[in-house]
Amino acid sequence: VNRGLGELELARALFVKGDMLGNAAYYEGAEQDDSLAVSEYRKDLAYIAPDSILRAFDQKRGKERADYLRGFWQEKDHLELRKDGERLREHYRRVQYARRNFTLVSTKRHYDIIERFHSNNKDFDDRGVIYIRHGEPSQRANLRVPNIELNETWKYARADGDLVFHFVAREDVQDYKLIESVYDVLGFGGALQVRTGVEDTSQMFQRLLESREPIDPVYSRLQGAGRAGLITLSNQERRLGQRSIEVGTRSDSYQLEYAEPLVARTDVMAVGRAEPGNLLQVTWAIPGAQLKPVPHEQGYLYPVRLRVNVTDARGRSVASLDTTKMFLSRNPVPERENLVDRVSLAVPPGVLHYRIAVEQQSGSGLVMATDSIRVGDFTGQDFTVSSVVLGWRNANLRWVSPSGDTVYFNPTGVYRQNSTMELYYEVYGLPAGTPYNVELRVGRREGGRTPISLKYEERADSIVTRSHRTVLLERLHQGDYVMHLIITTPDGRKEERRAAFQVSKEVETANR
(Lines give C-alpha, C1' and ligand atoms only; values in the text may rest on other atoms or scores of the structure.)
Protein backbone atom coordinates (compact mmCIF):
# COMPACT_ATOMS: atom_id res chain seq x y z
CA VAL A 1 0.00 0.00 0.00
CA ASN A 2 1.36 3.42 -0.98
CA ARG A 3 0.55 5.44 2.10
CA GLY A 4 1.90 8.72 0.76
CA LEU A 5 -0.19 8.54 -2.41
CA GLY A 6 -3.24 7.47 -0.43
CA GLU A 7 -2.96 10.44 1.92
CA LEU A 8 -2.54 12.80 -1.04
CA GLU A 9 -5.64 11.39 -2.76
CA LEU A 10 -7.60 11.78 0.49
CA ALA A 11 -6.40 15.36 0.80
CA ARG A 12 -7.39 16.12 -2.78
CA ALA A 13 -10.89 14.75 -2.23
CA LEU A 14 -11.36 16.69 1.00
CA PHE A 15 -10.07 19.93 -0.52
CA VAL A 16 -12.45 19.66 -3.49
CA LYS A 17 -15.31 19.39 -0.99
CA GLY A 18 -13.99 22.48 0.79
CA ASP A 19 -12.96 20.52 3.87
CA MET A 20 -9.95 21.90 5.75
CA LEU A 21 -9.27 18.44 7.20
CA GLY A 22 -7.42 17.82 3.95
CA ASN A 23 -4.46 19.75 5.40
CA ALA A 24 -3.61 16.97 7.88
CA ALA A 25 -3.71 14.28 5.22
CA TYR A 26 -1.69 16.41 2.78
CA TYR A 27 1.22 16.97 5.17
CA GLU A 28 1.17 13.44 6.51
CA GLY A 29 1.45 12.08 2.98
CA ALA A 30 4.26 14.52 2.22
CA GLU A 31 6.41 12.89 4.90
CA GLN A 32 6.45 9.59 3.01
CA ASP A 33 9.46 9.05 0.76
CA ASP A 34 7.78 6.88 -1.87
CA SER A 35 8.97 8.12 -5.27
CA LEU A 36 5.53 7.93 -6.92
CA ALA A 37 3.88 9.98 -4.16
CA VAL A 38 6.71 12.51 -4.17
CA SER A 39 6.40 12.97 -7.93
CA GLU A 40 2.67 13.68 -7.56
CA TYR A 41 3.32 16.26 -4.85
CA ARG A 42 5.92 17.87 -7.07
CA LYS A 43 3.62 17.93 -10.10
CA ASP A 44 0.84 19.66 -8.15
CA LEU A 45 3.33 22.17 -6.77
CA ALA A 46 4.82 22.91 -10.20
CA TYR A 47 1.56 24.46 -11.42
CA ILE A 48 2.41 27.65 -9.49
CA ALA A 49 5.93 27.26 -8.05
CA PRO A 50 9.06 28.62 -9.80
CA ASP A 51 12.07 26.41 -10.49
CA SER A 52 13.88 27.65 -7.37
CA ILE A 53 11.10 26.28 -5.16
CA LEU A 54 11.02 22.98 -7.02
CA ARG A 55 14.79 22.57 -6.68
CA ALA A 56 14.53 23.15 -2.92
CA PHE A 57 11.63 20.68 -2.75
CA ASP A 58 13.74 18.02 -4.51
CA GLN A 59 16.37 18.26 -1.78
CA LYS A 60 13.97 17.57 1.11
CA ARG A 61 13.24 14.21 2.68
CA GLY A 62 10.55 12.92 5.02
CA LYS A 63 9.34 15.36 7.66
CA GLU A 64 11.66 18.03 6.27
CA ARG A 65 9.69 17.88 3.01
CA ALA A 66 6.37 18.27 4.83
CA ASP A 67 7.73 21.20 6.84
CA TYR A 68 8.96 22.85 3.66
CA LEU A 69 5.56 22.55 2.02
CA ARG A 70 3.86 23.84 5.17
CA GLY A 71 6.07 26.91 5.14
CA PHE A 72 5.43 27.45 1.42
CA TRP A 73 1.65 27.40 1.78
CA GLN A 74 1.60 29.38 5.03
CA GLU A 75 3.61 32.10 3.31
CA LYS A 76 0.95 32.18 0.59
CA ASP A 77 -1.78 32.54 3.22
CA HIS A 78 0.01 35.41 4.93
CA LEU A 79 0.62 37.24 1.66
CA GLU A 80 -3.07 37.03 0.80
CA LEU A 81 -4.23 37.93 4.34
CA ARG A 82 -5.85 34.52 4.74
CA LYS A 83 -6.09 31.92 7.47
CA ASP A 84 -3.54 29.11 7.46
CA GLY A 85 -4.62 26.35 5.10
CA GLU A 86 -6.95 28.37 2.90
CA ARG A 87 -4.56 28.80 -0.03
CA LEU A 88 -3.70 25.10 -0.12
CA ARG A 89 -7.36 24.12 -0.14
CA GLU A 90 -8.09 26.62 -2.90
CA HIS A 91 -5.18 25.31 -4.98
CA TYR A 92 -6.69 21.84 -5.22
CA ARG A 93 -10.17 23.20 -5.93
CA ARG A 94 -8.69 25.13 -8.85
CA VAL A 95 -6.74 22.13 -10.15
CA GLN A 96 -9.88 20.00 -10.11
CA TYR A 97 -11.85 22.71 -11.93
CA ALA A 98 -9.11 23.03 -14.55
CA ARG A 99 -9.12 19.28 -15.13
CA ARG A 100 -12.83 19.38 -15.82
CA ASN A 101 -12.82 22.44 -18.05
CA PHE A 102 -9.41 23.19 -19.55
CA THR A 103 -7.67 19.85 -20.13
CA LEU A 104 -5.58 19.60 -23.30
CA VAL A 105 -6.59 16.84 -25.68
CA SER A 106 -3.35 17.09 -27.64
CA THR A 107 0.02 18.25 -26.37
CA LYS A 108 1.19 19.10 -29.91
CA ARG A 109 0.44 22.81 -29.78
CA HIS A 110 0.98 25.16 -32.71
CA TYR A 111 1.46 28.87 -32.18
CA ASP A 112 0.49 31.80 -34.36
CA ILE A 113 2.95 34.70 -34.68
CA ILE A 114 0.88 36.83 -32.27
CA GLU A 115 0.62 34.11 -29.62
CA ARG A 116 3.79 35.15 -27.83
CA PHE A 117 3.31 33.30 -24.57
CA HIS A 118 4.36 29.67 -24.97
CA SER A 119 3.30 27.54 -22.02
CA ASN A 120 5.27 24.50 -20.91
CA ASN A 121 2.16 23.04 -19.28
CA LYS A 122 1.20 19.72 -20.87
CA ASP A 123 -2.04 19.26 -18.92
CA PHE A 124 -4.06 22.44 -19.50
CA ASP A 125 -4.59 25.14 -22.08
CA ASP A 126 -3.68 28.71 -21.14
CA ARG A 127 -7.04 29.28 -19.44
CA GLY A 128 -6.13 26.47 -17.08
CA VAL A 129 -2.71 27.99 -16.45
CA ILE A 130 -4.29 31.29 -15.41
CA TYR A 131 -7.17 29.69 -13.51
CA ILE A 132 -4.89 27.60 -11.30
CA ARG A 133 -2.77 30.64 -10.53
CA HIS A 134 -5.54 33.18 -9.94
CA GLY A 135 -8.85 31.37 -9.56
CA GLU A 136 -12.27 32.47 -10.73
CA PRO A 137 -12.21 35.70 -12.76
CA SER A 138 -14.13 38.74 -11.56
CA GLN A 139 -15.65 39.05 -15.04
CA ARG A 140 -15.69 37.09 -18.29
CA ALA A 141 -16.57 38.16 -21.81
CA ASN A 142 -16.62 36.59 -25.27
CA LEU A 143 -18.00 37.06 -28.77
CA ARG A 144 -19.59 34.04 -30.44
CA VAL A 145 -20.43 34.88 -34.06
CA PRO A 146 -19.65 33.26 -37.43
CA ASN A 147 -16.31 33.93 -39.10
CA ILE A 148 -14.45 34.73 -35.90
CA GLU A 149 -12.25 32.46 -33.83
CA LEU A 150 -13.44 31.27 -30.42
CA ASN A 151 -12.38 33.88 -27.89
CA GLU A 152 -12.62 34.80 -24.22
CA THR A 153 -11.46 37.66 -22.01
CA TRP A 154 -11.06 37.35 -18.24
CA LYS A 155 -10.69 40.21 -15.81
CA TYR A 156 -9.31 39.95 -12.28
CA ALA A 157 -10.10 43.05 -10.22
CA ARG A 158 -7.08 43.60 -8.01
CA ALA A 159 -6.22 46.32 -5.50
CA ASP A 160 -2.71 46.46 -6.96
CA GLY A 161 -3.99 46.82 -10.54
CA ASP A 162 -6.45 44.81 -12.60
CA LEU A 163 -5.28 41.86 -14.67
CA VAL A 164 -6.93 41.28 -18.08
CA PHE A 165 -6.30 38.11 -20.08
CA HIS A 166 -7.38 37.45 -23.67
CA PHE A 167 -7.61 33.91 -25.07
CA VAL A 168 -8.26 32.60 -28.57
CA ALA A 169 -8.70 29.06 -29.94
CA ARG A 170 -7.70 28.84 -33.61
CA GLU A 171 -6.87 25.34 -34.83
CA ASP A 172 -8.22 23.38 -31.85
CA VAL A 173 -11.48 24.40 -30.14
CA GLN A 174 -10.17 22.86 -26.91
CA ASP A 175 -6.86 24.74 -26.92
CA TYR A 176 -7.18 28.38 -25.91
CA LYS A 177 -3.96 30.40 -26.01
CA LEU A 178 -3.06 33.73 -24.42
CA ILE A 179 -2.83 36.78 -26.67
CA GLU A 180 -1.78 40.30 -25.77
CA SER A 181 -4.76 42.24 -27.14
CA VAL A 182 -8.36 41.72 -28.16
CA TYR A 183 -7.13 42.91 -31.59
CA ASP A 184 -5.27 39.62 -31.90
CA VAL A 185 -8.51 37.64 -31.99
CA LEU A 186 -8.64 38.74 -35.66
CA GLY A 187 -5.19 37.31 -36.33
CA PHE A 188 -2.05 39.13 -37.34
CA GLY A 189 -3.44 40.31 -40.67
CA GLY A 190 -6.84 41.25 -39.26
CA ALA A 191 -5.33 43.35 -36.49
CA LEU A 192 -3.31 45.31 -39.07
CA GLN A 193 -6.37 45.82 -41.27
CA VAL A 194 -8.26 47.43 -38.41
CA ARG A 195 -5.78 50.30 -38.43
CA THR A 196 -5.93 50.67 -42.21
CA GLY A 197 -9.73 50.99 -42.08
CA VAL A 198 -10.83 47.91 -44.05
CA GLU A 199 -14.61 48.08 -43.55
CA ASP A 200 -15.57 44.45 -42.92
CA THR A 201 -12.77 43.89 -40.44
CA SER A 202 -13.51 47.19 -38.70
CA GLN A 203 -17.13 46.21 -38.20
CA MET A 204 -16.10 42.90 -36.67
CA PHE A 205 -13.64 44.71 -34.42
CA GLN A 206 -16.38 47.09 -33.26
CA ARG A 207 -18.41 44.07 -32.19
CA LEU A 208 -15.39 42.75 -30.30
CA LEU A 209 -15.02 46.09 -28.53
CA GLU A 210 -18.72 46.15 -27.61
CA SER A 211 -18.45 42.68 -26.08
CA ARG A 212 -15.51 43.85 -23.92
CA GLU A 213 -17.10 47.08 -22.62
CA PRO A 214 -17.74 45.64 -19.12
CA ILE A 215 -14.09 44.59 -18.81
CA ASP A 216 -12.36 47.99 -18.93
CA PRO A 217 -13.23 51.60 -19.89
CA VAL A 218 -10.60 51.55 -22.64
CA TYR A 219 -12.95 49.45 -24.82
CA SER A 220 -15.66 52.12 -24.76
CA ARG A 221 -13.14 54.82 -25.58
CA LEU A 222 -11.73 52.80 -28.47
CA GLN A 223 -15.13 52.65 -30.16
CA GLY A 224 -15.37 56.40 -30.58
CA ALA A 225 -11.69 57.12 -31.20
CA GLY A 226 -10.37 58.83 -34.31
CA ARG A 227 -7.30 57.59 -36.16
CA ALA A 228 -4.77 59.27 -33.82
CA GLY A 229 -6.71 58.34 -30.70
CA LEU A 230 -7.13 54.78 -31.94
CA ILE A 231 -3.38 54.25 -32.09
CA THR A 232 -2.82 55.71 -28.60
CA LEU A 233 -5.66 53.76 -26.99
CA SER A 234 -4.84 50.50 -28.77
CA ASN A 235 -1.25 50.75 -27.52
CA GLN A 236 -2.61 51.33 -24.00
CA GLU A 237 -4.89 48.30 -24.32
CA ARG A 238 -2.04 46.12 -25.55
CA ARG A 239 0.24 47.23 -22.69
CA LEU A 240 -2.48 46.17 -20.25
CA GLY A 241 -2.54 42.72 -21.85
CA GLN A 242 1.25 42.46 -21.90
CA ARG A 243 1.53 43.46 -18.25
CA SER A 244 -1.20 41.00 -17.29
CA ILE A 245 0.58 38.12 -19.02
CA GLU A 246 3.91 39.11 -17.48
CA VAL A 247 2.48 39.29 -13.96
CA GLY A 248 -0.18 36.63 -14.25
CA THR A 249 1.99 33.81 -15.56
CA ARG A 250 4.73 34.37 -12.98
CA SER A 251 2.65 34.86 -9.85
CA ASP A 252 -0.44 33.51 -8.17
CA SER A 253 -3.14 35.16 -6.07
CA TYR A 254 -6.11 34.51 -3.84
CA GLN A 255 -7.27 38.01 -3.00
CA LEU A 256 -9.95 38.55 -0.40
CA GLU A 257 -13.24 39.54 -1.95
CA TYR A 258 -16.22 41.23 -0.33
CA ALA A 259 -19.81 41.36 -1.53
CA GLU A 260 -20.15 44.95 -0.30
CA PRO A 261 -17.36 47.53 -0.65
CA LEU A 262 -16.34 49.34 2.52
CA VAL A 263 -15.09 52.91 2.70
CA ALA A 264 -12.21 53.06 5.18
CA ARG A 265 -8.97 54.99 5.60
CA THR A 266 -5.69 53.67 6.90
CA ASP A 267 -2.29 55.11 7.70
CA VAL A 268 0.99 53.35 8.44
CA MET A 269 3.98 54.84 10.27
CA ALA A 270 7.28 53.45 11.55
CA VAL A 271 7.66 54.92 15.03
CA GLY A 272 8.60 53.50 18.42
CA ARG A 273 10.41 50.38 19.50
CA ALA A 274 9.53 47.44 21.70
CA GLU A 275 11.05 44.02 21.84
CA PRO A 276 11.53 42.23 19.56
CA GLY A 277 11.84 45.07 17.04
CA ASN A 278 10.85 48.39 15.53
CA LEU A 279 7.15 49.22 15.64
CA LEU A 280 4.93 49.71 12.66
CA GLN A 281 1.86 51.68 13.72
CA VAL A 282 -1.30 50.99 11.72
CA THR A 283 -4.29 53.28 12.21
CA TRP A 284 -7.71 53.08 10.59
CA ALA A 285 -10.97 55.02 10.44
CA ILE A 286 -14.42 53.91 9.26
CA PRO A 287 -17.15 56.54 8.74
CA GLY A 288 -20.32 56.01 10.76
CA ALA A 289 -22.33 55.88 7.52
CA GLN A 290 -20.46 52.67 6.61
CA LEU A 291 -20.92 50.90 9.94
CA LYS A 292 -23.40 48.10 10.57
CA PRO A 293 -24.04 47.63 14.29
CA VAL A 294 -25.08 44.46 16.04
CA PRO A 295 -27.83 45.13 18.64
CA HIS A 296 -26.56 44.49 22.16
CA GLU A 297 -28.19 44.65 25.59
CA GLN A 298 -25.86 47.54 26.46
CA GLY A 299 -26.25 49.40 23.17
CA TYR A 300 -24.65 48.70 19.80
CA LEU A 301 -21.74 46.40 19.00
CA TYR A 302 -19.39 47.11 16.09
CA PRO A 303 -17.07 44.24 15.14
CA VAL A 304 -14.07 45.26 12.99
CA ARG A 305 -11.54 42.82 11.61
CA LEU A 306 -8.10 44.07 10.59
CA ARG A 307 -5.61 41.98 8.63
CA VAL A 308 -2.07 43.16 7.95
CA ASN A 309 0.88 41.46 6.32
CA VAL A 310 4.37 42.92 5.95
CA THR A 311 7.05 41.59 3.60
CA ASP A 312 10.71 42.45 3.14
CA ALA A 313 12.48 43.40 -0.09
CA ARG A 314 12.70 39.71 -1.08
CA GLY A 315 8.95 39.22 -0.70
CA ARG A 316 9.19 37.17 2.51
CA SER A 317 6.59 37.75 5.19
CA VAL A 318 8.22 39.34 8.25
CA ALA A 319 5.12 40.26 10.27
CA SER A 320 1.41 39.54 10.09
CA LEU A 321 -1.67 40.27 12.12
CA ASP A 322 -5.29 39.14 11.99
CA THR A 323 -7.39 40.58 14.77
CA THR A 324 -11.05 41.32 15.41
CA LYS A 325 -12.07 43.97 17.92
CA MET A 326 -15.51 44.64 19.31
CA PHE A 327 -16.50 48.26 19.89
CA LEU A 328 -19.48 48.83 22.16
CA SER A 329 -21.38 52.12 22.01
CA ARG A 330 -24.44 53.10 24.00
CA ASN A 331 -25.79 54.95 20.93
CA PRO A 332 -25.27 54.35 17.22
CA VAL A 333 -22.15 56.01 15.80
CA PRO A 334 -23.39 59.11 13.91
CA GLU A 335 -22.93 59.08 10.16
CA ARG A 336 -20.49 62.01 10.25
CA GLU A 337 -18.28 60.52 12.95
CA ASN A 338 -15.64 57.83 12.59
CA LEU A 339 -14.78 54.66 14.40
CA VAL A 340 -10.99 54.71 14.82
CA ASP A 341 -8.29 52.50 16.27
CA ARG A 342 -4.59 51.63 16.17
CA VAL A 343 -2.50 48.46 16.26
CA SER A 344 1.26 47.92 16.14
CA LEU A 345 3.53 45.21 14.74
CA ALA A 346 7.19 44.52 15.44
CA VAL A 347 9.18 44.62 12.20
CA PRO A 348 12.84 44.56 11.12
CA PRO A 349 14.55 47.58 9.51
CA GLY A 350 14.59 48.01 5.76
CA VAL A 351 12.24 48.84 2.90
CA LEU A 352 9.07 46.94 3.73
CA HIS A 353 5.87 46.33 1.78
CA TYR A 354 2.50 45.94 3.43
CA ARG A 355 -1.06 44.93 2.63
CA ILE A 356 -4.10 45.78 4.72
CA ALA A 357 -7.69 44.55 4.71
CA VAL A 358 -10.44 46.10 6.84
CA GLU A 359 -13.69 44.21 7.37
CA GLN A 360 -16.82 45.41 9.13
CA GLN A 361 -19.16 42.45 9.46
CA SER A 362 -18.80 39.49 7.12
CA GLY A 363 -19.23 40.43 3.47
CA SER A 364 -18.37 44.13 3.89
CA GLY A 365 -14.71 45.01 3.54
CA LEU A 366 -11.85 46.64 1.70
CA VAL A 367 -8.47 45.37 0.53
CA MET A 368 -5.94 48.17 0.24
CA ALA A 369 -3.34 48.31 -2.53
CA THR A 370 0.14 47.17 -1.54
CA ASP A 371 2.27 50.06 -0.28
CA SER A 372 5.81 50.45 1.04
CA ILE A 373 7.59 52.18 3.90
CA ARG A 374 11.23 52.64 4.87
CA VAL A 375 11.96 51.60 8.44
CA GLY A 376 15.22 52.62 10.05
CA ASP A 377 17.17 50.72 12.66
CA PHE A 378 15.70 51.98 15.95
CA THR A 379 18.28 50.28 18.15
CA GLY A 380 20.27 53.53 18.20
CA GLN A 381 23.39 52.06 16.60
CA ASP A 382 23.08 54.31 13.54
CA PHE A 383 21.57 57.70 12.77
CA THR A 384 18.01 57.43 11.52
CA VAL A 385 14.62 59.08 11.94
CA SER A 386 11.18 57.61 12.51
CA SER A 387 8.15 58.44 10.40
CA VAL A 388 6.68 61.85 11.10
CA VAL A 389 3.34 61.38 12.88
CA LEU A 390 0.65 63.97 12.20
CA GLY A 391 -2.04 64.00 14.86
CA TRP A 392 -5.10 65.90 16.01
CA ARG A 393 -6.47 65.85 19.53
CA ASN A 394 -10.05 65.93 18.21
CA ALA A 395 -9.40 62.66 16.42
CA ASN A 396 -9.57 60.90 19.80
CA LEU A 397 -6.80 58.44 18.98
CA ARG A 398 -3.60 58.39 21.00
CA TRP A 399 -0.83 55.99 21.91
CA VAL A 400 1.20 55.97 25.10
CA SER A 401 4.62 54.65 24.08
CA PRO A 402 6.75 52.36 26.28
CA SER A 403 8.68 55.48 27.30
CA GLY A 404 5.47 57.14 28.52
CA ASP A 405 5.13 59.65 25.69
CA THR A 406 1.61 60.39 24.44
CA VAL A 407 1.43 60.38 20.64
CA TYR A 408 -1.64 61.68 18.83
CA PHE A 409 -2.82 60.23 15.52
CA ASN A 410 -5.37 61.20 12.89
CA PRO A 411 -6.15 58.26 10.60
CA THR A 412 -8.55 60.31 8.44
CA GLY A 413 -5.70 62.65 7.49
CA VAL A 414 -8.16 65.58 7.45
CA TYR A 415 -7.78 68.72 9.61
CA ARG A 416 -10.09 71.64 10.20
CA GLN A 417 -8.97 75.06 9.00
CA ASN A 418 -7.28 77.10 11.73
CA SER A 419 -6.82 74.02 13.92
CA THR A 420 -3.62 72.85 15.60
CA MET A 421 -1.72 69.81 14.32
CA GLU A 422 0.22 67.62 16.75
CA LEU A 423 3.62 66.58 15.40
CA TYR A 424 5.77 63.72 16.71
CA TYR A 425 9.00 62.10 15.52
CA GLU A 426 12.00 60.24 16.92
CA VAL A 427 15.70 60.70 16.17
CA TYR A 428 18.01 57.75 16.78
CA GLY A 429 21.74 57.13 16.94
CA LEU A 430 23.16 60.50 18.00
CA PRO A 431 25.25 60.86 21.18
CA ALA A 432 23.61 62.84 23.99
CA GLY A 433 24.11 66.58 23.52
CA THR A 434 24.71 66.41 19.77
CA PRO A 435 23.02 69.39 18.03
CA TYR A 436 21.08 68.84 14.82
CA ASN A 437 19.02 71.06 12.55
CA VAL A 438 15.34 70.51 11.91
CA GLU A 439 13.38 71.95 9.00
CA LEU A 440 9.59 71.67 8.65
CA ARG A 441 8.01 72.61 5.35
CA VAL A 442 4.36 72.39 4.36
CA GLY A 443 3.47 72.72 0.68
CA ARG A 444 0.63 71.93 -1.67
CA ARG A 445 0.69 68.35 -2.89
CA GLU A 446 0.62 69.55 -6.50
CA GLY A 447 3.50 71.96 -5.88
CA GLY A 448 3.73 75.73 -5.67
CA ARG A 449 4.51 78.02 -2.78
CA THR A 450 5.35 76.86 0.77
CA PRO A 451 2.92 78.50 3.21
CA ILE A 452 4.66 77.06 6.30
CA SER A 453 8.44 76.83 6.74
CA LEU A 454 10.14 76.46 10.11
CA LYS A 455 13.78 75.92 11.04
CA TYR A 456 15.15 75.24 14.50
CA GLU A 457 17.88 73.37 16.36
CA GLU A 458 17.48 70.46 18.75
CA ARG A 459 19.95 68.45 20.84
CA ALA A 460 19.98 64.71 21.21
CA ASP A 461 18.84 63.40 24.60
CA SER A 462 20.40 59.95 24.25
CA ILE A 463 20.36 57.21 21.60
CA VAL A 464 16.71 58.19 21.03
CA THR A 465 15.29 61.72 21.11
CA ARG A 466 11.51 62.09 21.11
CA SER A 467 10.16 65.37 19.78
CA HIS A 468 6.68 66.84 20.20
CA ARG A 469 5.68 69.93 18.25
CA THR A 470 2.47 71.76 17.40
CA VAL A 471 1.81 73.43 14.06
CA LEU A 472 -0.91 76.06 13.59
CA LEU A 473 -2.76 75.58 10.32
CA GLU A 474 -4.16 79.11 10.14
CA ARG A 475 -2.23 79.91 6.96
CA LEU A 476 -3.58 76.92 5.06
CA HIS A 477 -6.61 77.06 2.80
CA GLN A 478 -8.69 74.04 1.86
CA GLY A 479 -6.71 71.50 -0.13
CA ASP A 480 -4.15 68.71 -0.11
CA TYR A 481 -0.74 69.25 1.50
CA VAL A 482 2.52 67.46 2.28
CA MET A 483 4.53 67.89 5.48
CA HIS A 484 8.30 67.60 4.95
CA LEU A 485 10.52 66.86 7.96
CA ILE A 486 14.26 67.27 7.23
CA ILE A 487 16.89 66.56 9.89
CA THR A 488 20.56 67.34 9.30
CA THR A 489 23.46 66.38 11.59
CA PRO A 490 26.62 68.48 12.12
CA ASP A 491 28.61 66.17 9.83
CA GLY A 492 26.12 66.63 6.97
CA ARG A 493 24.05 63.47 7.24
CA LYS A 494 20.43 64.09 6.29
CA GLU A 495 17.13 62.23 6.70
CA GLU A 496 13.80 63.36 5.23
CA ARG A 497 10.30 62.09 6.01
CA ARG A 498 7.02 63.10 4.43
CA ALA A 499 3.36 62.83 5.39
CA ALA A 500 0.30 63.90 3.39
CA PHE A 501 -2.78 65.53 4.88
CA GLN A 502 -5.82 67.55 3.91
CA VAL A 503 -7.34 70.78 5.21
CA SER A 504 -11.12 71.23 5.05
CA LYS A 505 -13.88 73.43 6.46
CA GLU A 506 -16.04 70.41 7.21
CA VAL A 507 -14.28 67.73 9.24
CA GLU A 508 -15.76 64.56 10.66
CA THR A 509 -15.08 63.93 14.31
CA ALA A 510 -13.89 60.60 15.68
CA ASN A 511 -15.43 58.13 18.05
CA ARG A 512 -14.04 55.03 19.70
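This note reviews the nonpolar cores and the salt bridges of a predicted model.

1. The main core. The largest nonpolar core contains 39 residues. Within this core, the residues with the most contacts are Tyr 26, Leu 45, Leu 69 and Trp 73. In soluble globular proteins, nonpolar side chains tend to be buried together.

2. Surroundings of Tyr 26. When neighbours within four places in sequence are set aside, Tyr 26 is in contact with Glu 7, Leu 8, Ala 11 and Phe 15, among others. The list of contacts also includes Tyr 41, Leu 69, Trp 73, Leu 88 and Tyr 92. Two of the residues named here, Leu 69 and Trp 73, also belong to those with the most contacts inside the core.

3. Salt bridges overall. The whole structure holds 42 salt bridges. Side chains of opposite charge can pair when their charged atoms come close. Selected cases follow.

4. Asp 184 and Arg 238. These two side chains form a salt bridge with an N to O distance of 2.9 Å. Asp 184 is located in the loop between strand S4 (177–179) and helix H8 (187–196), while Arg 238 is part of helix H11 (residues 227–248), so the bridge ties together parts that are 54 residues apart in sequence. Asp 184 counts as buried because its relative accessibility is 2%, under the 20% limit. Arg 238, at 23% relative accessibility, is partly exposed.

5. Asp 322 and Arg 305. In this salt bridge the closest N and O atoms are 2.7 Å apart. The pair links distant parts of the chain, with Asp 322 in strand S10 (residues 317–329) and Arg 305 in strand S9 (residues 299–311), 17 residues apart. Asp 322 has a relative accessible area of 41% and is therefore partly exposed. Arg 305 counts as buried, with a relative accessibility of 16%.

6. Arg 497 and Glu 495. A salt bridge joins Arg 497 to Glu 495, and the closest N and O atoms lie 2.9 Å apart. Arg 497 is buried, with a relative accessible area of 8%. Glu 495 also counts as buried, at 14% relative accessibility.

Technical notes: Residues numbered from 1 in each chain as written. Predicted model: local features only at pLDDT ≥ 70, side-chain atom pairs only at ≥ 80, totals over all residues. Heavy atoms only, no water. Core = buried A, V, L, I, M, F, W, Y, C linked by side-chain atoms within 4.5 Å. Buried < 20%, exposed > 50% of the residue type's maximum accessible area, 1.4 Å probe, protein only. Contact = heavy atoms within 4.5 Å. Salt bridge = Lys/Arg side-chain N within 4 Å of Asp/Glu carboxyl O. Helix = DSSP H or I, 4+ residues; strand = E, 2+ residues; numbered from the N terminus.
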